[in-house]
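Here is a structure to question. Each reply sets a value against its cut-off and then concludes.

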Amino acid sequence: MEWTREMRYRHYGEMTDAEEKDLLEKVNYSIWRQQFHIQPPYGLLNDPNGFAYYQGKYQLFYQWFPFGPVHGMKHWYHVESEDLIYWKDKGLGMAPEYDHESHGIFSGTGIVKDELLYLFYTANKRDEDWNRESAQSLAIMDRNGRIKKKEIPIIPKQPEGYTANFRDPKVWQDKDSDTFYMIVGAERMNHTGCALLYKSEDLLNWHFEGELKTDFEQFGYMWECPDIFQVEGKDVLLFSPQGLEPDGDSYHNVHNSGCFIGYFDKEKHYFQSNFFQELDAGFDFYAPQTTQAPDGRQILIGWMGLPDTSYPTDKDMWANCLTIPRELYIENNKIYQSPVKEMIAKRGSLTEWRGSLNSEETILEDFSDAVYELICDMSVEEGIAGLKLRTGKEEETLFYLDTKRQKIVLDRTKSGAPIAVDYGTVRQTTCTDNKISLRIFVDTSSVEIFVNDGEFVFTARIFPKEESKGIKLFAEDTTASFDIKKWEYIT
Ligand code: FRU
(Lines give C-alpha, C1' and ligand atoms only; values in the text may rest on other atoms or scores of the structure.)
Protein backbone atom coordinates (compact mmCIF):
# COMPACT_ATOMS: atom_id res chain seq x y z
CA MET A 1 0.00 0.00 0.00
CA GLU A 2 1.38 3.35 -0.96
CA TRP A 3 1.07 6.07 1.66
CA THR A 4 0.63 9.40 -0.07
CA ARG A 5 1.26 12.73 1.68
CA GLU A 6 -2.48 13.26 1.97
CA MET A 7 -2.84 9.95 3.76
CA ARG A 8 0.08 10.63 6.09
CA TYR A 9 -0.96 14.11 7.15
CA ARG A 10 -4.37 13.49 8.57
CA HIS A 11 -5.50 14.54 12.01
CA TYR A 12 -6.83 11.90 14.41
CA GLY A 13 -10.09 13.85 14.54
CA GLU A 14 -10.70 12.93 10.91
CA MET A 15 -10.76 9.22 11.62
CA THR A 16 -14.19 7.74 10.91
CA ASP A 17 -15.73 5.03 13.08
CA ALA A 18 -15.52 2.63 10.14
CA GLU A 19 -11.79 3.34 9.72
CA GLU A 20 -11.16 2.79 13.41
CA LYS A 21 -13.14 -0.44 13.40
CA ASP A 22 -11.15 -1.69 10.45
CA LEU A 23 -7.84 -0.82 12.13
CA LEU A 24 -8.85 -2.50 15.38
CA GLU A 25 -9.88 -5.64 13.53
CA LYS A 26 -6.55 -5.86 11.71
CA VAL A 27 -4.60 -5.31 14.94
CA ASN A 28 -6.73 -7.90 16.68
CA TYR A 29 -5.68 -10.55 14.18
CA SER A 30 -2.00 -9.78 14.65
CA ILE A 31 -0.14 -12.73 16.15
CA TRP A 32 2.61 -10.40 17.38
CA ARG A 33 0.78 -8.22 19.89
CA GLN A 34 2.88 -7.72 23.00
CA GLN A 35 1.69 -8.79 26.45
CA PHE A 36 3.67 -6.54 28.79
CA HIS A 37 5.09 -3.73 26.66
CA ILE A 38 3.51 -0.40 25.85
CA GLN A 39 2.28 -0.58 22.25
CA PRO A 40 -0.10 1.53 20.16
CA PRO A 41 -3.77 0.53 19.85
CA TYR A 42 -3.19 0.83 16.08
CA GLY A 43 -0.90 2.91 13.91
CA LEU A 44 2.74 3.69 14.59
CA LEU A 45 4.46 4.39 17.91
CA ASN A 46 7.87 6.00 18.12
CA ASP A 47 9.70 8.02 20.79
CA PRO A 48 8.66 8.07 24.45
CA ASN A 49 7.68 11.64 25.39
CA GLY A 50 6.82 13.71 28.47
CA PHE A 51 8.00 11.07 30.94
CA ALA A 52 7.49 12.52 34.44
CA TYR A 53 6.24 11.64 37.89
CA TYR A 54 3.23 13.82 38.64
CA GLN A 55 0.50 13.58 41.27
CA GLY A 56 1.67 10.18 42.47
CA LYS A 57 1.82 8.62 39.01
CA TYR A 58 4.24 8.24 36.15
CA GLN A 59 2.93 10.11 33.15
CA LEU A 60 4.19 8.89 29.83
CA PHE A 61 3.33 9.78 26.27
CA TYR A 62 4.60 8.51 22.96
CA GLN A 63 4.79 9.72 19.40
CA TRP A 64 1.80 8.32 17.56
CA PHE A 65 0.61 8.27 13.98
CA PRO A 66 -2.90 6.81 14.26
CA PHE A 67 -3.78 5.84 10.69
CA GLY A 68 -1.21 3.14 9.96
CA PRO A 69 2.33 1.81 10.40
CA VAL A 70 4.10 4.81 8.83
CA HIS A 71 5.51 8.15 9.94
CA GLY A 72 3.18 11.07 9.29
CA MET A 73 1.19 13.55 11.33
CA LYS A 74 2.42 12.87 14.85
CA HIS A 75 0.21 13.04 17.93
CA TRP A 76 1.04 12.29 21.58
CA TYR A 77 -0.61 9.19 23.02
CA HIS A 78 -0.94 9.07 26.83
CA VAL A 79 -0.46 6.24 29.35
CA GLU A 80 -0.13 6.43 33.11
CA SER A 81 1.20 4.15 35.85
CA GLU A 82 1.66 4.03 39.60
CA ASP A 83 4.37 1.39 39.50
CA LEU A 84 6.05 1.52 36.06
CA ILE A 85 4.63 -1.88 35.10
CA TYR A 86 0.83 -1.68 34.86
CA TRP A 87 0.06 1.13 32.43
CA LYS A 88 -3.38 2.61 32.16
CA ASP A 89 -4.48 3.65 28.70
CA LYS A 90 -5.42 7.35 28.77
CA GLY A 91 -6.06 7.66 25.04
CA LEU A 92 -5.02 10.59 22.92
CA GLY A 93 -2.88 13.03 24.91
CA MET A 94 -2.31 15.86 22.45
CA ALA A 95 -3.11 16.47 18.81
CA PRO A 96 -1.95 19.22 16.46
CA GLU A 97 -4.18 22.29 16.79
CA TYR A 98 -2.39 25.37 15.52
CA ASP A 99 -0.93 26.43 12.22
CA HIS A 100 2.65 26.31 13.54
CA GLU A 101 2.16 22.58 14.34
CA SER A 102 0.12 21.73 11.26
CA HIS A 103 2.37 18.76 10.39
CA GLY A 104 2.65 17.16 13.77
CA ILE A 105 3.61 17.58 17.37
CA PHE A 106 7.04 16.07 17.76
CA SER A 107 8.98 14.78 20.73
CA GLY A 108 9.51 16.51 24.03
CA THR A 109 9.48 16.11 27.78
CA GLY A 110 7.65 16.93 30.99
CA ILE A 111 8.62 18.72 34.19
CA VAL A 112 6.52 19.46 37.28
CA LYS A 113 6.27 23.00 38.66
CA ASP A 114 3.68 24.48 41.04
CA GLU A 115 1.64 21.28 40.92
CA LEU A 116 1.31 21.46 37.15
CA LEU A 117 2.93 19.26 34.54
CA TYR A 118 4.69 21.37 31.89
CA LEU A 119 4.95 19.48 28.61
CA PHE A 120 7.47 20.81 26.11
CA TYR A 121 7.35 19.60 22.52
CA THR A 122 8.37 20.53 19.01
CA ALA A 123 5.75 22.03 16.74
CA ASN A 124 6.41 20.75 13.24
CA LYS A 125 5.20 22.55 10.13
CA ARG A 126 5.82 22.18 6.40
CA ASP A 127 5.31 25.13 4.09
CA GLU A 128 3.89 24.93 0.53
CA ASP A 129 7.30 23.83 -0.78
CA TRP A 130 7.55 21.20 1.94
CA ASN A 131 10.28 23.13 3.79
CA ARG A 132 10.32 22.31 7.48
CA GLU A 133 9.64 24.88 10.19
CA SER A 134 10.28 23.92 13.82
CA ALA A 135 9.27 25.74 16.98
CA GLN A 136 9.47 24.69 20.63
CA SER A 137 6.10 24.78 22.31
CA LEU A 138 4.49 24.29 25.69
CA ALA A 139 1.35 22.62 26.98
CA ILE A 140 0.30 22.43 30.62
CA MET A 141 -1.49 19.51 32.24
CA ASP A 142 -3.43 20.19 35.43
CA ARG A 143 -4.27 17.82 38.27
CA ASN A 144 -7.49 16.80 36.52
CA GLY A 145 -5.48 15.57 33.58
CA ARG A 146 -6.60 18.41 31.31
CA ILE A 147 -3.88 19.44 28.86
CA LYS A 148 -3.93 22.93 27.44
CA LYS A 149 -1.46 24.19 24.87
CA LYS A 150 -0.03 27.69 24.70
CA GLU A 151 -1.18 29.28 21.46
CA ILE A 152 2.18 30.79 20.70
CA PRO A 153 5.49 28.85 20.70
CA ILE A 154 7.96 29.64 23.47
CA ILE A 155 10.85 29.47 20.98
CA PRO A 156 9.53 30.35 17.53
CA LYS A 157 12.47 29.12 15.47
CA GLN A 158 16.06 27.95 15.51
CA PRO A 159 18.89 30.46 16.06
CA GLU A 160 21.13 31.69 13.22
CA GLY A 161 23.56 29.08 12.02
CA TYR A 162 21.29 26.06 12.40
CA THR A 163 18.82 24.31 10.11
CA ALA A 164 15.14 23.69 10.85
CA ASN A 165 16.12 20.26 12.16
CA PHE A 166 15.73 21.75 15.60
CA ARG A 167 13.67 19.59 17.91
CA ASP A 168 13.06 17.42 20.99
CA PRO A 169 13.35 19.81 23.97
CA LYS A 170 14.30 18.35 27.33
CA VAL A 171 13.91 20.59 30.38
CA TRP A 172 15.37 20.22 33.85
CA GLN A 173 15.90 22.33 36.92
CA ASP A 174 19.40 23.20 38.04
CA LYS A 175 20.11 21.46 41.33
CA ASP A 176 21.73 24.53 42.95
CA SER A 177 19.29 27.25 41.88
CA ASP A 178 15.79 27.98 40.63
CA THR A 179 17.00 28.16 37.06
CA PHE A 180 15.62 25.84 34.39
CA TYR A 181 17.61 24.62 31.43
CA MET A 182 16.45 23.28 28.10
CA ILE A 183 18.49 21.32 25.63
CA VAL A 184 17.29 20.95 22.03
CA GLY A 185 18.62 18.65 19.29
CA ALA A 186 19.97 20.50 16.27
CA GLU A 187 21.79 20.41 12.96
CA ARG A 188 24.38 23.04 12.09
CA MET A 189 24.30 24.70 8.65
CA ASN A 190 27.27 22.50 7.70
CA HIS A 191 25.13 19.40 8.36
CA THR A 192 26.73 18.29 11.58
CA GLY A 193 24.77 17.47 14.70
CA CYS A 194 24.81 19.22 18.07
CA ALA A 195 22.59 20.35 20.93
CA LEU A 196 21.51 23.89 21.84
CA LEU A 197 21.12 25.24 25.34
CA TYR A 198 18.40 27.58 26.65
CA LYS A 199 17.76 29.01 30.10
CA SER A 200 14.65 30.22 31.91
CA GLU A 201 13.56 31.34 35.36
CA ASP A 202 9.85 30.62 34.89
CA LEU A 203 9.58 27.93 32.18
CA LEU A 204 7.77 30.46 29.97
CA ASN A 205 10.46 32.90 28.84
CA TRP A 206 13.54 31.28 27.37
CA HIS A 207 16.95 32.74 26.56
CA PHE A 208 19.31 31.14 24.04
CA GLU A 209 22.59 30.49 25.84
CA GLY A 210 24.49 29.00 22.92
CA GLU A 211 25.53 25.69 21.49
CA LEU A 212 26.47 23.02 23.99
CA LYS A 213 30.16 22.47 23.28
CA THR A 214 31.48 18.93 23.44
CA ASP A 215 34.65 17.16 22.34
CA PHE A 216 32.65 15.59 19.51
CA GLU A 217 32.31 18.37 16.94
CA GLN A 218 31.83 16.01 14.01
CA PHE A 219 29.56 13.28 15.24
CA GLY A 220 26.67 12.54 12.91
CA TYR A 221 24.52 15.04 11.03
CA MET A 222 21.72 15.52 13.55
CA TRP A 223 21.37 14.88 17.27
CA GLU A 224 17.86 13.76 18.15
CA CYS A 225 16.27 13.53 21.59
CA PRO A 226 19.04 14.94 23.81
CA ASP A 227 18.64 14.52 27.57
CA ILE A 228 20.86 15.72 30.45
CA PHE A 229 20.61 14.26 33.94
CA GLN A 230 22.72 13.10 36.84
CA VAL A 231 23.47 9.58 37.96
CA GLU A 232 25.43 9.12 41.19
CA GLY A 233 26.75 12.67 41.04
CA LYS A 234 27.98 12.41 37.43
CA ASP A 235 26.43 14.32 34.56
CA VAL A 236 25.13 12.29 31.63
CA LEU A 237 24.27 13.59 28.17
CA LEU A 238 22.10 11.11 26.32
CA PHE A 239 21.19 11.57 22.66
CA SER A 240 20.50 9.80 19.38
CA PRO A 241 23.00 10.94 16.75
CA GLN A 242 21.97 10.25 13.18
CA GLY A 243 24.50 9.30 10.54
CA LEU A 244 27.23 7.47 12.48
CA GLU A 245 29.15 4.92 10.43
CA PRO A 246 29.60 1.39 11.83
CA ASP A 247 32.78 1.19 13.91
CA GLY A 248 33.88 -2.25 15.13
CA ASP A 249 30.90 -3.76 16.93
CA SER A 250 29.19 -0.38 17.33
CA TYR A 251 26.62 1.64 15.36
CA HIS A 252 25.26 -1.09 13.12
CA ASN A 253 21.65 0.09 13.18
CA VAL A 254 20.28 2.70 10.82
CA HIS A 255 20.61 5.22 13.68
CA ASN A 256 21.97 4.75 17.16
CA SER A 257 21.65 6.05 20.71
CA GLY A 258 24.19 6.56 23.43
CA CYS A 259 25.63 8.89 26.03
CA PHE A 260 28.55 10.82 27.39
CA ILE A 261 29.33 10.59 31.07
CA GLY A 262 31.26 13.56 32.38
CA TYR A 263 30.79 17.04 33.62
CA PHE A 264 28.32 19.66 32.44
CA ASP A 265 29.78 23.14 32.86
CA LYS A 266 26.70 25.36 32.73
CA GLU A 267 28.72 28.61 32.74
CA LYS A 268 30.88 27.59 29.79
CA HIS A 269 28.11 25.65 28.01
CA TYR A 270 30.46 22.75 27.78
CA PHE A 271 29.89 19.05 28.35
CA GLN A 272 33.23 17.50 29.08
CA SER A 273 33.62 13.82 28.19
CA ASN A 274 35.88 11.91 25.84
CA PHE A 275 33.90 8.74 25.35
CA PHE A 276 30.55 8.01 23.71
CA GLN A 277 28.92 4.85 25.00
CA GLU A 278 26.40 3.15 22.74
CA LEU A 279 23.52 2.27 25.01
CA ASP A 280 22.18 -0.89 23.48
CA ALA A 281 24.11 -3.65 21.74
CA GLY A 282 21.02 -5.06 19.98
CA PHE A 283 18.89 -4.04 17.04
CA ASP A 284 15.76 -2.08 17.85
CA PHE A 285 16.46 0.73 20.25
CA TYR A 286 16.24 4.46 19.69
CA ALA A 287 15.30 7.86 21.14
CA PRO A 288 15.34 6.87 24.85
CA GLN A 289 14.18 9.34 27.47
CA THR A 290 14.68 9.39 31.23
CA THR A 291 12.94 10.72 34.28
CA GLN A 292 13.69 10.71 37.96
CA ALA A 293 11.56 8.49 40.20
CA PRO A 294 10.49 9.93 43.58
CA ASP A 295 13.10 7.72 45.28
CA GLY A 296 15.88 9.24 43.17
CA ARG A 297 16.34 6.47 40.60
CA GLN A 298 16.92 7.66 37.04
CA ILE A 299 14.57 5.59 34.85
CA LEU A 300 14.98 5.16 31.11
CA ILE A 301 12.45 4.03 28.54
CA GLY A 302 13.36 3.70 24.87
CA TRP A 303 11.55 3.22 21.61
CA MET A 304 11.92 -0.46 20.68
CA GLY A 305 12.12 0.35 17.02
CA LEU A 306 14.08 2.41 14.52
CA PRO A 307 13.41 5.20 12.05
CA ASP A 308 13.23 4.34 8.34
CA THR A 309 12.53 0.69 9.08
CA SER A 310 9.52 -1.43 8.21
CA TYR A 311 8.37 -4.21 10.50
CA PRO A 312 6.38 -7.41 9.90
CA THR A 313 3.43 -6.00 11.88
CA ASP A 314 2.98 -3.27 9.26
CA LYS A 315 0.50 -5.52 7.45
CA ASP A 316 -1.51 -5.66 10.68
CA MET A 317 -1.63 -1.84 10.75
CA TRP A 318 0.48 -1.28 13.85
CA ALA A 319 4.18 -0.87 14.50
CA ASN A 320 6.59 -0.71 17.43
CA CYS A 321 6.49 -0.64 21.19
CA LEU A 322 8.49 0.82 24.07
CA THR A 323 11.16 -1.02 26.09
CA ILE A 324 10.57 -2.06 29.67
CA PRO A 325 11.68 0.70 32.08
CA ARG A 326 15.36 0.46 33.02
CA GLU A 327 17.12 1.90 36.05
CA LEU A 328 20.42 3.59 35.27
CA TYR A 329 23.52 3.39 37.38
CA ILE A 330 27.24 3.90 36.84
CA GLU A 331 30.10 1.49 37.31
CA ASN A 332 33.67 1.96 36.06
CA ASN A 333 32.54 5.12 34.36
CA LYS A 334 30.00 3.22 32.25
CA ILE A 335 26.24 3.40 32.28
CA TYR A 336 24.59 0.18 33.41
CA GLN A 337 20.92 -0.43 32.73
CA SER A 338 18.94 -2.84 34.78
CA PRO A 339 15.20 -3.63 34.63
CA VAL A 340 13.33 -1.65 37.28
CA LYS A 341 12.85 -3.65 40.45
CA GLU A 342 9.05 -3.36 40.09
CA MET A 343 9.21 -5.94 37.27
CA ILE A 344 9.48 -8.68 39.87
CA ALA A 345 5.76 -8.28 40.57
CA LYS A 346 5.06 -9.80 37.18
CA ARG A 347 6.64 -13.11 38.03
CA GLY A 348 4.27 -16.07 38.08
CA SER A 349 5.14 -19.75 38.42
CA LEU A 350 8.80 -20.71 38.46
CA THR A 351 10.60 -23.51 36.57
CA GLU A 352 14.28 -24.30 37.21
CA TRP A 353 17.08 -26.25 35.57
CA ARG A 354 20.66 -26.73 36.62
CA GLY A 355 23.31 -28.80 34.90
CA SER A 356 26.23 -29.10 32.49
CA LEU A 357 26.40 -29.72 28.80
CA ASN A 358 29.36 -31.24 27.01
CA SER A 359 29.37 -30.50 23.25
CA GLU A 360 25.62 -31.03 23.03
CA GLU A 361 22.26 -29.32 22.83
CA THR A 362 19.26 -29.87 25.02
CA ILE A 363 15.69 -28.68 24.94
CA LEU A 364 14.23 -27.58 28.27
CA GLU A 365 11.01 -29.53 27.99
CA ASP A 366 8.94 -27.80 30.66
CA PHE A 367 10.05 -24.31 29.74
CA SER A 368 8.27 -23.74 26.39
CA ASP A 369 6.70 -20.31 26.36
CA ALA A 370 6.37 -17.03 24.47
CA VAL A 371 6.08 -14.57 27.36
CA TYR A 372 8.40 -14.88 30.34
CA GLU A 373 11.41 -13.75 32.34
CA LEU A 374 14.45 -15.96 32.47
CA ILE A 375 17.60 -15.75 34.56
CA CYS A 376 20.59 -17.71 33.35
CA ASP A 377 23.98 -17.92 35.05
CA MET A 378 26.37 -19.71 32.78
CA SER A 379 30.04 -20.50 32.57
CA VAL A 380 31.87 -21.84 29.56
CA GLU A 381 35.20 -23.62 29.59
CA GLU A 382 36.49 -22.53 26.23
CA GLY A 383 34.34 -22.11 23.15
CA ILE A 384 30.75 -21.29 22.39
CA ALA A 385 27.74 -21.89 24.61
CA GLY A 386 24.40 -20.25 25.09
CA LEU A 387 20.67 -20.30 24.64
CA LYS A 388 18.22 -20.63 21.80
CA LEU A 389 14.92 -18.86 22.42
CA ARG A 390 11.58 -19.05 20.62
CA THR A 391 12.71 -22.19 18.82
CA GLY A 392 10.44 -24.00 16.37
CA LYS A 393 10.81 -26.17 13.31
CA GLU A 394 13.06 -23.73 11.52
CA GLU A 395 13.22 -20.84 13.95
CA GLU A 396 15.51 -19.84 16.77
CA THR A 397 16.87 -16.68 18.36
CA LEU A 398 20.41 -17.30 19.50
CA PHE A 399 22.30 -15.69 22.34
CA TYR A 400 25.74 -17.04 23.19
CA LEU A 401 29.12 -16.42 24.71
CA ASP A 402 32.14 -17.14 22.53
CA THR A 403 35.11 -17.19 24.88
CA LYS A 404 37.69 -17.67 22.12
CA ARG A 405 36.65 -14.51 20.34
CA GLN A 406 35.64 -12.86 23.64
CA LYS A 407 32.25 -11.86 22.32
CA ILE A 408 28.67 -12.13 23.40
CA VAL A 409 26.40 -12.47 20.41
CA LEU A 410 22.73 -12.04 19.56
CA ASP A 411 21.80 -13.70 16.28
CA ARG A 412 18.30 -13.22 14.87
CA THR A 413 19.06 -14.66 11.44
CA LYS A 414 16.48 -17.40 12.02
CA SER A 415 14.16 -15.56 14.40
CA GLY A 416 11.19 -15.56 12.03
CA ALA A 417 9.84 -12.89 9.67
CA PRO A 418 12.83 -10.77 8.56
CA ILE A 419 13.53 -7.22 9.77
CA ALA A 420 16.04 -4.70 8.35
CA VAL A 421 18.26 -7.49 6.99
CA ASP A 422 20.33 -4.97 5.02
CA TYR A 423 21.78 -3.90 8.36
CA GLY A 424 22.76 -7.46 9.28
CA THR A 425 21.14 -10.06 11.48
CA VAL A 426 23.87 -10.49 14.09
CA ARG A 427 25.01 -8.09 16.84
CA GLN A 428 27.88 -8.63 19.22
CA THR A 429 30.00 -6.90 21.78
CA THR A 430 33.23 -7.67 23.62
CA CYS A 431 33.02 -9.58 26.86
CA THR A 432 36.16 -10.98 28.45
CA ASP A 433 34.47 -13.17 31.08
CA ASN A 434 33.84 -16.87 30.67
CA LYS A 435 31.11 -16.65 33.25
CA ILE A 436 28.10 -14.41 32.64
CA SER A 437 24.72 -13.77 34.15
CA LEU A 438 21.73 -13.03 31.96
CA ARG A 439 18.33 -11.64 32.71
CA ILE A 440 16.08 -12.07 29.71
CA PHE A 441 12.61 -10.69 29.08
CA VAL A 442 10.72 -12.36 26.29
CA ASP A 443 7.43 -10.98 25.04
CA THR A 444 5.41 -12.17 22.03
CA SER A 445 7.61 -10.26 19.57
CA SER A 446 10.69 -9.07 21.46
CA VAL A 447 13.66 -10.03 23.59
CA GLU A 448 15.56 -7.77 26.00
CA ILE A 449 18.73 -9.36 27.34
CA PHE A 450 20.51 -7.76 30.30
CA VAL A 451 24.04 -9.10 30.72
CA ASN A 452 25.97 -8.94 34.01
CA ASP A 453 23.45 -6.79 35.87
CA GLY A 454 23.03 -4.44 32.97
CA GLU A 455 26.61 -3.95 31.82
CA PHE A 456 25.35 -4.73 28.32
CA VAL A 457 21.81 -4.82 26.99
CA PHE A 458 20.65 -6.38 23.74
CA THR A 459 17.18 -5.30 22.62
CA ALA A 460 15.49 -6.82 19.60
CA ARG A 461 12.11 -7.28 18.03
CA ILE A 462 11.63 -10.82 16.73
CA PHE A 463 8.70 -12.17 14.74
CA PRO A 464 8.55 -15.95 15.13
CA LYS A 465 5.59 -18.21 14.47
CA GLU A 466 3.19 -18.57 17.38
CA GLU A 467 4.18 -22.19 17.89
CA SER A 468 7.92 -21.42 18.12
CA LYS A 469 8.15 -21.45 21.88
CA GLY A 470 11.03 -23.77 22.67
CA ILE A 471 13.99 -22.92 24.89
CA LYS A 472 17.23 -24.80 24.24
CA LEU A 473 20.72 -24.72 25.72
CA PHE A 474 23.83 -25.61 23.80
CA ALA A 475 27.59 -26.01 24.13
CA GLU A 476 29.71 -26.34 20.99
CA ASP A 477 32.92 -28.37 21.40
CA THR A 478 33.14 -27.38 25.02
CA THR A 479 31.68 -27.88 28.45
CA ALA A 480 29.34 -25.33 29.89
CA SER A 481 27.29 -25.19 33.04
CA PHE A 482 23.94 -23.46 33.39
CA ASP A 483 21.74 -22.40 36.26
CA ILE A 484 18.34 -21.35 34.93
CA LYS A 485 15.20 -19.92 36.43
CA LYS A 486 12.18 -19.10 34.33
CA TRP A 487 9.05 -17.32 35.45
CA GLU A 488 5.80 -17.26 33.58
CA TYR A 489 4.67 -13.70 33.30
CA ILE A 490 1.45 -12.36 34.73
CA THR A 491 0.14 -9.95 32.14
C1 FRU B 1 13.16 10.58 16.69
C2 FRU B 1 12.32 11.66 16.04
C3 FRU B 1 12.43 12.97 16.77
C4 FRU B 1 11.16 13.67 16.39
C5 FRU B 1 10.18 12.52 16.33
C6 FRU B 1 9.12 12.66 15.29
O7 FRU B 1 12.70 9.32 16.40
O8 FRU B 1 12.71 11.83 14.69
O9 FRU B 1 13.59 13.71 16.48
O10 FRU B 1 10.77 14.63 17.31
O11 FRU B 1 10.94 11.37 16.06
O12 FRU B 1 8.19 11.65 15.40
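Strands here are DSSP runs of at least two residues, numbered from the N terminus. The model is a predicted one.

Q: Where is Thr478 placed?
A: Thr478 sits in the loop between strand S34 (470–476) and strand S35 (479–489).

Q: Why is Thr478 called buried?
A: Buried means under 20% relative accessible area. Thr478 has 6%, so Thr478 counts as buried.

Q: What makes the pairing of Thr478 with Glu382 a polar contact?
A: The cut-off is 3.5 Å between N or O atoms. A polar side-chain atom of Thr478 lies 3.0 Å from the backbone oxygen of Glu382. Thr478 also touches other residues, including Leu357, Val380 and Ile384.

Q: Why is the link between Lys407 and Asp249 called a salt bridge?
A: The nitrogen must be within 4 Å of a carboxyl oxygen. The closest N and O atoms of Lys407 and Asp249 are 2.7 Å apart, so the pair qualifies. Lys407 lies in strand S29 (residues 407–411) and Asp249 in a loop, so the pair ties together parts 158 residues apart in sequence.

Q: What makes Asp176 exposed?
A: Exposed means over 50%. Asp176 has a relative accessible area of 57%, so Asp176 is exposed. The side chain of Asp176 meets that of Lys266 in a salt bridge (3.6 Å, N to O).

Definitions and conventions: Residues numbered from 1 in each chain as written. Predicted model: local features only at pLDDT ≥ 70, side-chain atom pairs only at ≥ 80, totals over all residues. Heavy atoms only, no water. Helix = DSSP H or I, 4+ residues; strand = E, 2+ residues; numbered from the N terminus. Buried < 20%, exposed > 50% of the residue type's maximum accessible area, 1.4 Å probe, protein only. Polar contact = N/O pair within 3.5 Å; in protein donor to acceptor, adjacent residues only side chain to side chain. Contact = heavy atoms within 4.5 Å. Lists of a residue's contacts leave out its neighbours within four places in sequence.
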